[in-house]
Amino acid sequence: MITMKNKWIPAAFPLLAGLMAFSPASALEEQITEQSFAAEGISEYQRTVTASGADLSEEAETQLQLIADNLDLWAGDREFTSTYQYAVTDLDQNGRLEILVSTCQGTGLFTYSSYYEVNEALDGLNACEQDLEEGASEADLMYSAVPVYCDTEEDIYFYVFDDMIRNGYAELYENKRAISLSDGVIRNQFLAYRTTLSQDSTPVITCTDADGADISEETYDSIGDIVFADLEKRTASLSWQSPENGIESLDSTSLLELLTDSCCGFQIF
């Protein structure tokens, strides 16, 4: 295991019917956005579809207002100075929305995220726990599209994200993991790891599966299809929002519009 700057590296259910929207992520790296679209084959047309004219259910509008009213809870931590991004989702497809808050720090690409879910009474937000050890590596969430594997029997949705961190120019550590939400807990299932070490400007790449066995890069890239071969594969779009002057700068109307746009942009198709 390698520990660096709080990053740990081990050895057809749409949210709201009729909404068709995409909003490209604007941070982490443009590289990540382009890779995520290319990997899932999302067209330029699809990338620019907007939610204008789409009608939200009354319950969704109520939940979005609740999220807006609790801004101080989910946007109040300013431990980091880098740009924060926000996305409204329904990861577990239980009808109760979440607000995801994520920031990427420095050239090492260290990501820190928080998750809040509307409670069952629909009158407050609950912070979601993560099953990671303190200081463990967190997934790079700020993709615009990721594969999702649907376990319809257990009603669990596995979203496959990448995580990458750099240690100078010569070391790059990556992993693929499945993120799922159930019973208010964010669970991380590590699927595979890729390490790139440059020696005399020549990169040496090694890949292993979750058990440490050597695998090819091709297998690494398709590990989700292998691990979740028995599940239905779909694509999830996420609409990350990042106000230029910070989310606290928005008035109540603009904040609600931002949250609504993000909600409309979350789709599983």
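Reply: Contact here means heavy atoms within 4.5 Å. This is a predicted model, in which local features need pLDDT of at least 70 and side-chain atom pairs count only at pLDDT 80 or more, while totals for chains, interfaces and linings use all residues. Residues are numbered from 1 along each chain as its sequence is written, and side-chain values use heavy atoms, with hydrogens and water left out.

Me: OK, what does E98 touch?

Reply: Not counting residues up to four places away in sequence, E98 touches A87, V88, T89, D90, L91, D92, Y116, E117 and L181. E98 itself lies in strand β4, residues 98-105, where strands are DSSP runs of E of at least two residues and helices are runs of H or I of at least four, both numbered from the N terminus.

Me: Which side chain has a polar contact with E98, then?

Reply: The side chain of T89 does, at 2.6 Å. A polar contact is a pair of N or O atoms within 3.5 Å; within protein, one must be able to donate a hydrogen and the other to accept it, and residues adjacent in sequence count only if both atoms are side-chain atoms.

Me: Switching topic: how many salt bridges does the structure hold?

Reply: It holds 8. One of them pairs K176 with D162, their closest N and O atoms being 2.9 Å apart. K176 is in strand β10 (residues 171-182) and D162 in strand β9 (residues 156-167), so this pair, 14 residues apart, links distant parts of the chain.

Me: Is K176 buried or exposed?

Reply: K176 is buried, with a relative accessible area of 12%.

Me: What about R194 and D221?

Reply: Their side chains meet in a salt bridge at 3.4 Å, N to O. Because R194 lies in strand β11 (residues 185-199) and D221 in helix α5 (residues 217-221), the pair ties together parts 27 residues apart in sequence. R194 is buried at 13% relative accessible area, whereas D221 counts as partly exposed at 49%.

Technical notes:
A salt bridge is a side-chain nitrogen of Lys or Arg within 4 Å of a carboxyl oxygen of Asp or Glu. Buried means under 20% relative accessible area, exposed over 50%, partly exposed in between (1.4 Å probe, protein chains only).
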